[in-house]
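I opened this structure for the first time today. These are my notes on what I looked up.

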Amino acid sequence: MTQASPSVRATGRRPAAAAPSRPARGALSGRPRPLSPLLFCAPFVALFVAMYIAPILYAAYNSLFTVRRSGLGLTAPTEVFAPLDNYVRAVHDGSFTASLGRVALFGVVQVPLMLAVALVLALLIDSKSARGRGFFRLTSFIPYAIPGVSAALVWSFMYSSTSSPLNRLLEPFSVTIPFFDDDIVLWSVANIVTWSWAGYNMIIIYAALQSIPAEVLEAARMDGASALRIAWSIKIPAVRGALVLTTVFSIIGSAQLFNEPTVLQPVSGGSISSAFTPLMSAQSAVAAGNYPYAAAQSVLLAVAVGLVSLIFFKLTRRGDQA
Amino acid sequence: MTTVIPAPVPAPSPAPKRIGPRRETRPAGRVTVLALLGLSAFYFLFPLWWLLVSATKPFGEQFSGSGLWFDGFGLFDNVARLSSQDDGIFWRWMLNSVLYCGVGALIGTVFSALTGYALAKYDFPGRGTLFSLVLAAVLVPKVLFTLPLYLMFSGVHLIDNPLAVLLPSVISPFGVYLARVFAEQSVPDEVLEAGRLDGAGEFRIFRTIGVRMMLPALVTIFLFQFVEIWNNYLLPAMVLGDDRLQPVTVGLVAWNASHVAVPPPLVVIGSLVSITPLLIAFLALQRFWRAGMTAGAVK
């Protein structure tokens, strides 16, 4: 190898290209001009920086200013550099912290419930007793095709205080569900989110179920394990990875709760405030013209989401190694 | 390179059916399973069924009766009323939606394909960093960037400009991730090598070999991005104040919030009309959806 012929030495890097018969080292052996991959990535990277990173930096910078209004409101408000003011204000803003708490409660209750529904559905469709698998898979998955806002609109009709078709169905049992009551409205929102996403998560879990080797299940059956026992001891542990992944995505999804409550707000009779979720709170700060305060709230929310997902990944990583 | 998301499940071929003698399942078990599945089907379909039934009822009857079964027929009249409300702005909204989603997803798919292909098939400085960034961006929901985007756009006077919706929509980290997965699976290195031996340039190899082999995957990426843009309500709602520029989701929500100004039945009919094309596309292109979900969702 080191005995390269003089001509090869002279031309330096040429020989590798001239000797393609060398066993390929995967993708990287072709020694393409080093510029091409960079050019390929350039459009995406440029826009990514402009549309993801720049706005975050801009918002973070913006959040360091405070809008000051003169006492009489006769002069235009001015922005003063006061790095912590907005953050201190957000932390002490009862409606903003309440919105964070509301979304956290939503995540803690709705995510496990939805995933339980998804898991049970996947197990049912996967079970030997099921008929019409394709049909049931499709019906649970169809809501995923409906945009979140449209789903919320349709459900707002379902919940209507005057003409709810659901309450009409319940009439014979003399039950009326007050979907927009203060204590219930959060769970009415949770139901819309569950309706939209349970089928999506079911498909992911179902795909994981399908990859369990048939022999394993057959062996368990030979040993006389019941269907429930197989589901509990073999199938559920086998889809653990899928469950972790869907949990992470769902928790992150809860943090961005906005569309459903916003659509329900005008018909909610006041039970959904304009600061129902952190995003709604930040948006009402924008509507009030206080951009720096909105920026501070966005930054806080982004940091919170980042922390929660980081913690979750750390925890599940450890679980995987164990 | 640390990959947060584990290796993808192999290409989504039709679910491998477990073949074997059908075990004797107890009738009680069968009934329970079917009853539960039937209940779930009712839950998932009821709102849509109600929407369909209500939209076909004569105008003004939308909220009367149980909504479980058809009662008179007024669909065509309803659509005519929908079309004439506010000088036919509904169809303008539909057109806007299709344009934002179509153009955004098309350009986005090209960008995603280029980037994902480069990440899968080349080694270059910054490759690991870029992929980590893409993964991080997949995890952070786009909606969280919307307010900062709004602040930035109002700083550069890009409010009420279609570009304010299009520019952010073109970027799809999930699309890049899918493109990388698919490029790894479906474009063999040997074929690229052969192309290079024939003296083809890298871009030409991508265009003639890479794109062709990734084509089904690109359809999946396009679909996901199309729906993602259609679903993004907050961005257009914030950056587009002029209702002639708004997509249909923003328009319908405004109608719904206006209560008296626009009759609520029109919101029902508009909802049905606006989701119908999506539903048809969804049902017709099911296999592409599942391809994206199993590749993206991983085990």
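I started at D87(B), which counts as exposed because it has 9 C-beta neighbours inside 10 Å. My cut-offs: buried takes 20 or more other C-beta atoms within 10 Å of a residue's own, exposed takes 12 or fewer, and partly exposed is in between, with C-beta atoms placed from the backbone. This is a predicted model, where local features need pLDDT of at least 70, side-chain atom pairs count only at pLDDT 80 or more, and totals for chains, interfaces and linings use all residues. Residues are numbered from 1 along each chain as its sequence is written, and chains are lettered from A in the order in which they are written.

I placed D87(B) in the loop between helix 2 (75-84) and helix 3 (89-121) of chain B. Helices are DSSP runs (H or I, at least four residues), strands are too (E, at least two), and both are numbered from the N terminus. I noted a positive phi of about 55 degrees for D87(B), although it is not a glycine. Most residues other than glycine have a negative phi.

I then turned to D160(B), in the loop between helix 5 (146-155) and helix 6 (163-170) of chain B. Its phi is also positive, near 65 degrees, and it is not a glycine. D160(B) counts as partly exposed because it has 13 C-beta neighbours inside 10 Å.

**Chain A and Q110(A)**

I looked up the make-up of chain A: 15 helices and 2 strands. Of its 322 residues, 40% count as buried.

Is Q110(A) buried or exposed? It counts as buried, because 24 C-beta neighbours lie inside 10 Å. I found Q110(A) in helix 5 (residues 94-126) of chain A. Setting aside residues up to four places away in sequence, Q110(A) touches A190(A), V193(A), T194(A) and S254(A). Contact here means C-beta atoms, placed from the backbone, within 7 Å. I also checked I251(A), 141 residues from Q110(A) along the chain; their C-alpha atoms are separated by 9.2 Å.

**Helix 9 against helix 12**

I took helix 9 (residues 185-210) and helix 12 (residues 240-255) of chain A next. Their axes come within 9 Å and cross at roughly 160 degrees. Axes are lines fitted to C-alpha atoms, for helices over the stretch in contact, and angles run from 0 to 180 degrees between N-to-C directions.

From helix 9 of chain A, N201(A), I204(A), I205(A) and A208(A) make the contact; from helix 12 of chain A, G241(A), A242(A), L243(A) and T246(A) do. I sorted this contact by class: 5 nonpolar, 3 polar and no charged residues. Ala, Val, Leu, Ile, Met, Phe, Trp, Tyr, Cys and Pro count as nonpolar, Asp, Glu, Lys and Arg as charged, and the others, Gly among them, as polar.

**Core and A179(B)**

Which members of the 163-residue largest nonpolar core touch the most others? I listed A118(A), A122(A), I205(A), Y117(B) and A179(B). Such a core joins buried Ala, Val, Leu, Ile, Met, Phe, Trp, Tyr and Cys residues through C-beta atoms within 7 Å. Helix 9 of chain A gives this core its largest share, 18 residues.

Leaving out neighbours within four places in sequence, I found A179(B) in contact with residues including S112(B), Y117(B) and I221(B).

Methods:
Contact = placed C-beta atoms within 7 Å.
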